[in-house]
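Dear colleague,

Please find below the structure that I am handing over to you, with its sequence. My findings follow directly after it.

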Amino acid sequence: MSEQAREAPQRRADGPLRLGTRRSKLAMAQSGLVADAVRQVTGRSVELVEITTYGDVSREHLAQIGGTGVFVTALREALLRGDVDFAVHSLKDLPTTQPAELALAAVPVREDARDVLVARDGLTFAQLPDGARVGTGSPRRMAQLNAYARSHGLTIETVPIRGNVDTRIGYVRKGELDAVVLAAAGLNRIGRIDEATDFLSVDTVLPAPGQGALAIECVADNASLVAALGELDDPYTRAAVTAERSLLAALEAGCSAPVGAFADLLADGQTVKEMRLRGVVGTTDGSTLVQLSTTGPVPETHDQAMALGRELAAEMLAKGAAGLMGERAH
């Protein structure tokens, strides 16, 4: 593209780019980080436009109101109406099918994908007392935490909770729960990671598909904006989360299903050799888990990343994964 062509959209565009975001403290922090990066690559000013989603105002548990897609719909509608120019989502909130009218313009470098424990008295997971009450609204976390506890001769009680970070940590501070489990990425982004009392290794608890990654979305026919936002894309992160989400889609599981997935790069010295994809699905009491992994060349295309996820899903289904997910989407 010539310099002249590159500058043309900026001359035509008037005013700042409008970034649609949820109002939560975490969403605003994530959007603020992206806004700074977009200012740097486009040279344009960016203003945050706060949008309330059904997921923010409903008090029901996420699994009951249709999983985390409830946080995405209002932002996508604002994009399609032209109220905002682009939007930032937590990637794990995005439904696995991408609407044709919208482009997933960038998946920036992923934050820490692990889950963390915030427990009373600085306890690690292994130090929790027998019968400890551990809060999480995620069937995926419940399944793996219960299985991990059982394998260490512990019994825990997983208690369904929701709400923002303050609300969740508040249950521990007030003594209502012994611990809560949160995503490390969220605590990092709001500057509160020092409140974590234990980092749960991905070998113990596989994160949600796409956890720790952000998705930057805009309308597909705004080619100049798609290209500008694309400067923030990290190809390795995109390949990893594409494989993880492909696994989720192939299991026909929504974002509220007890599915964990994580793709990481296996390096030999400085050279990245392969990508390993791990997946888990289980009953929420942790009594039955299907956990498998596959390793292959680092995907170089979207289709290769999708294939990696589908292959592992097929193996998991052959091992009985379908029966562990409760209600399948019809």
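The chain exposes about 14,900 Å², of which carbon and sulfur atoms supply 49%. Please bear in mind that this is a predicted model. Of the 330 residues in the chain, 50% are buried. The secondary structure consists of 10 helices and 13 strands. Among the contacts with a separation of 6 or more, 71% are made by residues 24 or more positions apart.

The nonpolar cores

The largest nonpolar core has 19 residues. Those with the most contacts inside it are Leu247, Leu251, Met275, Leu277, Val281, Leu312 and Met316. At least two residues of this core come from each of helix 9, strand 11 (259-268), strand 12, strand 13 and helix 10. Helix 9 gives the most, with five residues. Apart from this core lies another, of 16 residues, among them Val46, Val88, Ala105 and Leu229. As general background, nonpolar side chains in soluble globular proteins tend to be buried together.

Leaving aside residues up to four places away in sequence, Leu277 touches Ala243, Glu244, Phe262, Ala263, Leu292, Ser293, Thr294, Leu308, Gly309 and Leu312.

Helix 10

Helix 10 comprises 17 residues, 302-318. From its first C-alpha to its last it reaches 25 Å, close to the 24 Å expected at 1.5 Å a residue. Its buried residues are Ala305, Leu308, Gly309, Leu312, Ala313 and Met316. They lie on the same side of helix 10, because they cover an arc of only 125° around the axis. Asp303 and Ala318, on the other side of helix 10, are exposed. The cover over the buried residues includes helix 9 (235-250), strand 12 (271-282) and strand 13 (289-297). After helix 10 comes Gly320, with a positive phi near 100°.

Met306 also lies in helix 10. With a relative accessible area of 24%, Met306 is partly exposed, as this value falls between the 20% limit for buried and the 50% limit for exposed residues. Not counting residues up to four places away in sequence, Met306 touches Thr242 and Ser246. Met306 and Leu247 are 59 residues apart in sequence, and their C-alpha atoms are 7.8 Å apart in space.

Helix 5 (residues 139-151) has 13 residues. Its reach from first C-alpha to last is 18 Å, close to the 18 Å expected at 1.5 Å a residue. Helix 5 is largely enclosed by the rest of the structure, because 10 of its 13 residues are buried. These are Pro139, Arg140, Arg141, Met142, Ala143, Gln144, Leu145, Asn146, Ala147 and Ala149. Just after helix 5, Gly153 takes a positive phi of about 70°.

How many aromatic pairs does a search of the whole structure find? The search finds one. Phe125 and Tyr148 form this pair, which is tilted, with 5.3 Å centre to centre and 35° between the planes. Phe125 lies in the loop between strand 5 (115-119) and strand 6 (132-135) and Tyr148 in helix 5, so the pair ties together parts that are 23 residues apart in sequence. Phe125 is buried, at a relative accessible area of 2%, whereas Tyr148 counts as partly exposed at 24% relative accessibility.

For context, most residues other than glycine have a negative phi. Asp121 is exposed, with a relative accessible area of 64%.

Val180, by contrast, counts as buried at 0% relative accessibility. Val180 has its place in strand 8 (residues 179-183). Leaving aside residues up to four places away in sequence, Val180 touches Val116, Leu117, Val118, Gly135, Ile161, Arg168, Ile169 and Val172. Val180 and Arg133 are 47 residues apart in sequence and 8.5 Å apart in space, C-alpha to C-alpha.

With kind regards

Technical notes: Residues numbered from 1 in each chain as written. Predicted model: local features only at pLDDT ≥ 70, side-chain atom pairs only at ≥ 80, totals over all residues. Heavy atoms only, no water. Helix = DSSP H or I, 4+ residues; strand = E, 2+ residues; numbered from the N terminus. Expected span 1.5 Å × (residues − 1). Buried < 20%, exposed > 50% of the residue type's maximum accessible area, 1.4 Å probe, protein only. Arc of directions from axis to C-beta. Contact = heavy atoms within 4.5 Å. Areas by Shrake-Rupley, 256 points an atom, 1.4 Å probe, with all protein chains shown as cover. Core = buried A, V, L, I, M, F, W, Y, C linked by side-chain atoms within 4.5 Å. Phe/Tyr/Trp six-rings, centres within 6.5 Å; stacked < 30°, edge-to-face > 60°.
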